[in-house]
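Please open the structure in a viewer and keep the selection tool at hand.

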Amino acid sequence: MIINHPLLGPRDSQEFVYLGDASLIDRPDWQAENAVDQFHEYLYQRTNPAGEHQELWFHEQGDRSWLVVTRNTLTHEITAVELARDVARRRGRSK
Amino acid sequence: MRYSGFKVIKEALTGHKGWTPAWRDPEPKKHYDIIVIGGGGHGLATAWYLAKVFGKTNVAVLEKGWIGGGNVGRNTTIIRSNYLLDGNEPFYEFSMQLWENLEQDLNYNAMVSQRGVLNLCHTDAQRDAFRRRGNGMRLNGVDAELLDKEGVRKIAPFLNFDSARFPIKGGLLQPRGGTVRHDAVAWGYARAADSRGVDIIQNCEVTGFKIENGKVLGVETTRGFIGANRIGCAVAGSSGKVMAQAGIHRLPIESHVLQAFVSEGLKPVLPGVITYGAGHFYVSQSDKGGLVFGGDIDGYNTYAQRGNLPVVEDVCEGGMSIMPMIGRARLLRIWGGVMDMSMDGSPIIDKTDVDGLYFNGGWCYGGFKATPASGWCFAHLLANDQPHPVASAYRFDRFRKGRMIDEKGMGAQPNLH
Amino acid sequence: MSQTNRLQGGQIDRSKVLNFTFDGKAFQGYQGDTLASALLANGVRLMGRSFKYHRPRGPISSGSEEPNAIVELRSGARQEPNTRATIAELFEGLSAKSQNHVGSLKFDFLAVNDRLASFFAAGFYYKTFMWPKAFWEKLYEPMIRRAAGLGSLSMQTDPDAYDKGFLHCDLLVIGAGPSGLAAALTAARSGARVILADEDFAPGGRLNAETFTLGNTSGAEWAQAAVAELSAMPNVRILTRTVVIGAFDHGIYGALERVSDHLPVPSEGKPRQILWRIYSSRAVLAAGATERPIAFRNNDRPGIMMAGALRAYVNRWAATPGKSVAVFTNNDDGLRTASDLIAKGVKVSAVIDSRADGPAFSGAEHLRGAVVTDALGRLGLHSVKVKLASGEIRQIPCEALGVSGGWNPNVHLTCHQRGLPVWNADLAAFVPGSLPPGMVVAGAANGEFSTAAALASGAKAAAGALDALGLSAAPADLPQAEDAPTRVSPLWYVPHKGRAWLDQQNDVTVKDVKLAHQEGFRSVEHLKRYTTMGMATDQGKTSNIGGLAVMAEMTGKSIPDTGTTIYRPPYTPVPIGAFAGRSAGADFRPKRLTPSHKWAAEQGAVFVEVGMWLRAQWLPRQGETHWRQSVDREVAATRGSVGICDVTTLGKIDVQGPDAAEFLNRIYCNPFAKLPVGKVRYGLMLREDGMAMDDGTTARLAEDHFVTTTTTANAVGVYRHMEFCRQCLWPDLDVQIISTTEAWAQFSVAGPNARKLLQKIVDPEYDISNEAFPYMGCGEITVCGGLRARLFRISFSGELAYEIAVPTRYGDGLVRAMMEAGREFDAVVYGTEALGVMRIEKGHAAGNELNGTTSALNLGMGGMVNKKKDSIGSTLSEREGMNAADALNLVGFEPVDRSKTLLGGMHFINRGAPADAKNDQGYMTSVAFSPSLGHSVGLGFLKNGAARKGEVIRAVNPLANEEVEVKVVSAHFVDPEGERLRG
């Protein structure tokens with residue numbers, strides 16, 4: 001597969017390390033009343049879609065960016081690649 | 001019809017006119033006591049044990065394509081019960097014992113061949129970890145032998161003892177491990193279950209569930225509505241897709257592709273199953289002569305049943321590292337199967353939040369060897385609404401409770417199990 | 001030897017005579033021959049034996065789809081089983097052996113299987129060999145295994161090299177027949193970067209095998225001219241002897257180039273083969289088509305082959321399989337075959353045309369409406385039986401028979417991404433359906449069979465691809481060529497009570513397919529798996545369609561409704577060595593060497609693989625014959641005076657920025673926010689699931705500057721994890737991290753004289769006295785007269801110890817300087833074994849304990865998980881299963897009988913309890929012989945172990961049928977109060 005890195009252009013996916021669903025960005029609040037339940041959902045439960053999937057790839061053999069790649073799990077077509085940092089900020093993560 | 005050598009000879013002499021279909025091709029009934037979704041190894045085994053052990057014969061197996069078309073028909077055929085953890089070992093040993101009597105049980109020769117499974121180790125720490133596992137097996141009453149380098153050499157003198165990047169220091173051998181003719185497992189269970197009255201319904205895809213007041217009443221299928229008191233879902237690889245139809249949209253499972261490989265036919269070279277401990281490579285030789293081998297999953301979520309070159313190369317590199325004599329053997333075919341990769345690498349056989357709906361999945365890429373025990377334990381659960389003792393750890397809630405069964409210690413990252 | 005069946009003409013170089021042997025017998029052929037063409041020219045038709053029935057076989061094709069003529073090529077370590085004689089290029093000295101027989105090729109004892117064929121029908125083995133149970137492994141299976149398989153491996157290490165390469169292009173053209181050449185010319189002339197790959201050594205495809213003219217020249221000449229033009233263009237790369245094996249995601253194609261297979265041995269410095277990964281923007285598949293057989297009784301006799309193969313042998317290689325040849329056809333190709341044979345002076349004994357209404361043919365006896373019903377001649381065809389239109393049976397003498405059942409487009413690569421082909425009733429063949437992104441199909445591969453259509457579709461496909469890339473194509477300049485319509489009347493098999501072969505290699509007959517149907521194996525995948533049809537080395541290229549047609553007839557369905565099996569890579573078989581490339585044997589993975597490696601090697605160190613690193617395991621001195629002597633000495637010397645160990649392999653991560661402290665505070669379960677500058681702290685890092693991920697020390701060099709260390713094993717993973725936290729979880733924390741593992745050479749200097757040694761190399765302006773540089777202190781210093789360095793007062797050994805780091809390139813110099821400085825203290829360098837012994841003596845957890853399933857609580861560090869802050873893993877650590885009353889705790893063990901040895905991997909059982917899984921109390925993780933204590937010591941996880949100190953239990957090792965009584969003790973065996981490291 002080829003991942004079109006937003007900073008570096010098209011790169012072979014072999015340069016990257018895969019983590020999983022980009023929902024791993026949405027780490028819950030540790031002080032929430034049901035924090036353990038929330039963390040359980042966050043860490044262990046997956047929607048695992050057959051179709052469009054937002055997922056985290058790390059450019060380990062490259063610039064060490066974490067990317068959010070939107071890829072179809074049926075066809076492997078990639079329709080978007082963004083810096084995970086930008087996605088995280090958009091989802092409201094900060095410090 | 002009973003199969004036997006005598007029958008084969010008789011038919012050979014009379015033009016093979018007497019053979020009948022191995023299983024019927026029935027129309028679905030309006031209602032069954034139990035429906036098993038998925039005509040793979042696990043689903044068909046479930047049906048057989050429901051009929052044979054639990055006396056449930058008003059049972060249908062619904063298969064969207066042709067039986068045995070999923071992972072039971074596209075794996076590397078290895079059986080073993082050399083697990084480390086208490087949650088797993090008794091289950092896989094139960095499976096091994098069922099394998100050992102499978103052919104007589106089913107009256108079908110699935111070629112269960114116990115030629116041994118040898119895991120190589122390459123460091124002292126790995127040998128200690130093998131000793132821990134081997135001792136765990138022995139405490140469970142399972143056969144295991146820890147071999148030193150010379151012991152390995154006796155079994156597999158062709159391995160690279162001289163120039164391997166990661167030298168072979170020894171190995172853990174399970175003599176009772178081996179291989180089984182994978183397709184025959186599906187067919188044998190199907191034929192046996194059919195003979196007890198189970199309806200095996202092919203080309204019947206489940207398209208929805210009828211659920212009222214939290215209780216499942218039946219399934220919508222491409223061949224119409226079929227009612228049932230209890231429904232078991234055994235569709236590993238497609239678990240997410242099918243369970244979503246029952247309103248269960250999140251599971252501790254990701255779908256990944258595992259590629260597997262077979263070489264052209266060769267005169268016998270490998271005695272049993274050999275696994276490399278410093279790379280991802282496992283291999284055996286089929287009765288037809290092909291080297292059947294595999295390695296790591298591709299590592300990204302997919303439902304595509306096909307993989308890419310990097311893993312193909314990685315697997316062959318592993319092979320060439322320890323078996324440099326296979327370099328000129330040609331790889332004939334690469335295929336891919338979609339795995340239910342669970343969050344701790346261990347399976348799930350459990351009730352769901354929907355009354356009457358049961359789940360069997362999360363087999364990662366170890367489901368084949370589990371087929372008999374999975375079928376038996378799932379049948380137990382479907383028949384009795386209680387988990388079988390050897391499968392009692394395979395619950396959905398183990399993650400919430402912090403009771404993971406993590407053989408490899410990789411944590412909640414499915415592509416590392 | 002005379003080449004009795006050599007004709008005039010052909011594309012062979014008769015000036016280059018090549019000697020070769022087949023089954024030990026000497027023959028001659030010419031440059032340009034394949035092994036099969038040369039054998040045929042020498043009158044040899046029998047080249048192999050089939051898999052199951054050991055039937056005598058000759059080639060049925062002239063290409064890579066060959067199922068029959070497969071041989072063991074070469075000898076010794078280069079022996080190559082299952083090589084298709086039809087594509088093996090002849091070279092001087094080639095030696096080949098037939099395979100899969102007991103006895104000689106002509107008199108194969110296992111041919112008895114053929115006599116017993118009725119007992120070996122499809123799937124017979126599923127129905128028998130079950131009694132008595134024990135006989136399967138003991139008798140039946142060994143018997144089957146001995147008989148199975150085809151060729152044999154030499155069992156020696158492959159002496160040849162394989163390379164991997166990466167290529168990039170705008171357009172990849174797969175196949176250099178007329179459509180591929182037209183596509184390549186069109187694209188190349190427009191300036192696009194083109195790669196043209198063809199599996200043959202002579203580009204041209206069928207143009208080389210046919211007598212067609214293109215414009216004013218022969219097809220072969222036109223192809224040569226086209227190749228010459230392309231070769232001269234800088235934007236074109238032509239890969240001959242290169243088969244494209246698979247179409248992978250995003251326009252990546254795999255290809256295998258046979259660089260040296262046409263040579264006796266690879267030239268100096270050249271690989272045998274190269275596996276290319278080709279990155280293409282667009283691809284034109286011009287892979288041609290494969291001719292298909294018609295099944296009839298004994299249609300596998302040597303001498304029976306595809307009509308197109310016959311034309312190729314006669315036209316291209318000037319070799320005929322027989323002096324008299326008959327043709328059996330259901331389409332016009334058969335007639336062309338007869339014309340070509342006649343033109344070459346070969347006697348055509350009859351043209352048997354299944355079509356009653358086909359076009360007339362006058363060159364030889366033309367039997368219309370007739371079919372071949374049997375073939376005679378066990379080791380080589382001598383005649384065929386023909387059922388005439390009248391119903392009369394006639395026997396026609398012939399040494400060869402060309403069969404044409406029509407052509408199947410080579411759709412394989414279109415299906416590698418799970419696309420399905422579609423049925424074209426006019427052609428009675430599957431043609432490409434949905435295509436992988438970026439691929440177009442041209443020529444025969446697309447069902448466009450005439451030369452004119454192939455040329456035009458190739459040019460059009462290239463123009464379309466260029467257009468999509470924003471390039472404009474010059475109008476194609478195509479020669480005049482034949483444009484005959486395809487007229488085929490499907491005929492799949494000739495009904496007969498005898499056996500008619502579908503899959504020749506695997507011996508699957510029409511009867512087997514009918515039996516499969518009878519037994520309910522009717523889906524195409526069941527058919528394949530039950531009968532093994534299509535599972536031979538040709539992967540069904542010559543067999544599947546026939547089997548499908550028989551099954552369709554049985555079920556009353558159409559062929560497309562019956563379906564096709566899945567096409568999988570590789571297109572043709574690929575040596576495993578080629579996929580591995582150079583990453584084989586000792587070069588499987590790169591070696592990482594420590595800065596002191598050279599020095600250690602000079603000392604005769606024994607090295608050990610630690611991940612990709614090689615580390616000194618121990619450094620034997622003269623007279624030491626057992627590793628324990630060296631290790632015990634290294635430990636004693638270190639604890640007694642001073643020892644040095646290269647610890648560069650530990651991961652080092654530089655953490656900087658105003659929020660660096662806060663970042664570390666969240667990464668580690670224990671607090672870091674208030675760590676003073678100039679101090680080091682131990683940190684335990686958890687995964688989000690609460691299990692220990694890694695541990696190490698973190699030094700605060702400045703308010704906004706930390707250096708974190710990781711274990712050797714987890715250096716990469718921890719860095720990745722920290723970047724995940726930084727970029728994905730807390731993107732606005734002002735912190736930067738970078739791995740500096742390879743930037744710093746780091747040594748541990750441990751022992752009572754460690755400070756004295758260091759004082760000799762640390763520049764005098766730096767005070768490293770105990771007061772100025774206490775335990776857990778750190779600082780940036782200079783050594784050896786101005787070399788910048790970092791000093792950390794940390795201890796893994798439990799001694800007064802430091803770790804000193806210098807830029808990597810000075811690592812070798814530093815170890816030499818320190819050894820020089822340490823001479824007066826009898827300083828030693830210790831290896832990983834001594835390191836391990838000392839850490840076990842001190843009860844420090846390491847990789848064996850941090851095994852991914854152990855929590856802070858298990859490790860005895862539950863109290864470190866700070867509940868007043870957020871950190872990775874702290875929340876899920878609270879789950880009940882991880883806080884059970886009988887949780888495993890890390891404790892120490894010593895044998896009650898001091899002479900006993902402990903082993904890692906022993907399990908613990910209480911005294912008096914049966915040794916079984918129910919009574920399992922835990923397991924031993926690390927053991928060592930402690931030279932300091934004079935007996936074995938161990939670390940391990942024991943249920944509720946923290947509360948069981950003093951208890952005597954059993955460490956059992958059922959694998960070796962042994963057990964040792966052990967006392968549960970504190971894991972801190974040496975200096976439990978830690979006085980030494982503070983001194």
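Among contacts in chain C between residues at least 6 apart in sequence, what percentage join residues at least 24 apart? The figure is 66%, where two residues are in contact if their C-beta atoms, placed from the backbone, lie within 7 Å. The model is predicted: local features need pLDDT of at least 70, side-chain atom pairs count only at pLDDT 80 or more, and totals for chains, interfaces and linings use all residues. Residues are numbered from 1 along each chain as its sequence is written, while chains are lettered from A and ligands numbered from 1 in the order in which they are written.

**Stop 1: chain C as a whole**

Select chain C. Its C-alpha atoms fill a box of roughly 110 × 70 × 55 Å along the principal axes. Of its 983 residues, 59% are buried; a residue is buried if 20 or more other C-beta atoms, placed from the backbone, lie within 10 Å of its own. The chain holds 21 helices and 51 strands, which are DSSP runs numbered from the N terminus (helices: H or I, at least four residues; strands: E, at least two).

Next, colour chain C by domain, with bounds that come from an automatic or database domain assignment. The assignment includes domain 1 (1–158), domain 2 (162–289 + 409–468) and domain 4 (592–648 + 744–838). Between the C-alpha centres of domain 2 and domain 4 of chain C the distance is 61 Å.

**Stop 2: a sheet in chain C**

Select residues 371–376 and 393–397 of chain C, which are strand 21 and strand 23. They belong to an open sheet of three strands, in the order 21-22-23 and with antiparallel pairing; two strands pair if DSSP finds at least two bridges between them. Strands 21 and 23 of chain C are the edge strands, each pairing on one side only. Neighbouring strands in the sheet are turned by 25° against each other on average, direction ignored.

**Stop 3: where chain B meets chain C**

Show chains B and C together. The contact takes 91 residues from chain B and 94 residues from chain C. On the side of chain B that touches chain C, the elements supplying at least two residues include helix 1 (5–13), helix 5 (124–139) and strand 16 (330–342) of chain B. Which helix of chain B gives the most to this side? Helix 5 of chain B does, with eleven residues.

Now select strand 16 of chain B with strand 31 (residues 574–575) of chain C: the two pair in the antiparallel sense over two bridges. Arg330(B) has Pro575(C) as its bridge partner.

**Stop 4**

Finally, select chain A. Along the sequence its pattern is β-β-β-α-β-β-β-α, with two helices and six strands. The C-alpha atoms of chain A fill a box of roughly 45 × 30 × 20 Å along the principal axes, and 37% of its 95 residues count as buried.

Bring chain B back into view. The contact takes 18 residues from chain A and 23 residues from chain B. Strand 3 (17–21), helix 1 (35–44) and strand 4 (52–58) of chain A each give two or more residues to the side of chain A that touches chain B. Helix 1 of chain A gives the most, with three residues.

How values were computed:
Axes are lines fitted to C-alpha atoms, for helices over the stretch in contact, and angles run from 0 to 180 degrees between N-to-C directions. A residue is buried if 20 or more other C-beta atoms lie within 10 Å of its own, exposed if 12 or fewer, and partly exposed in between; C-beta atoms are placed from the backbone.
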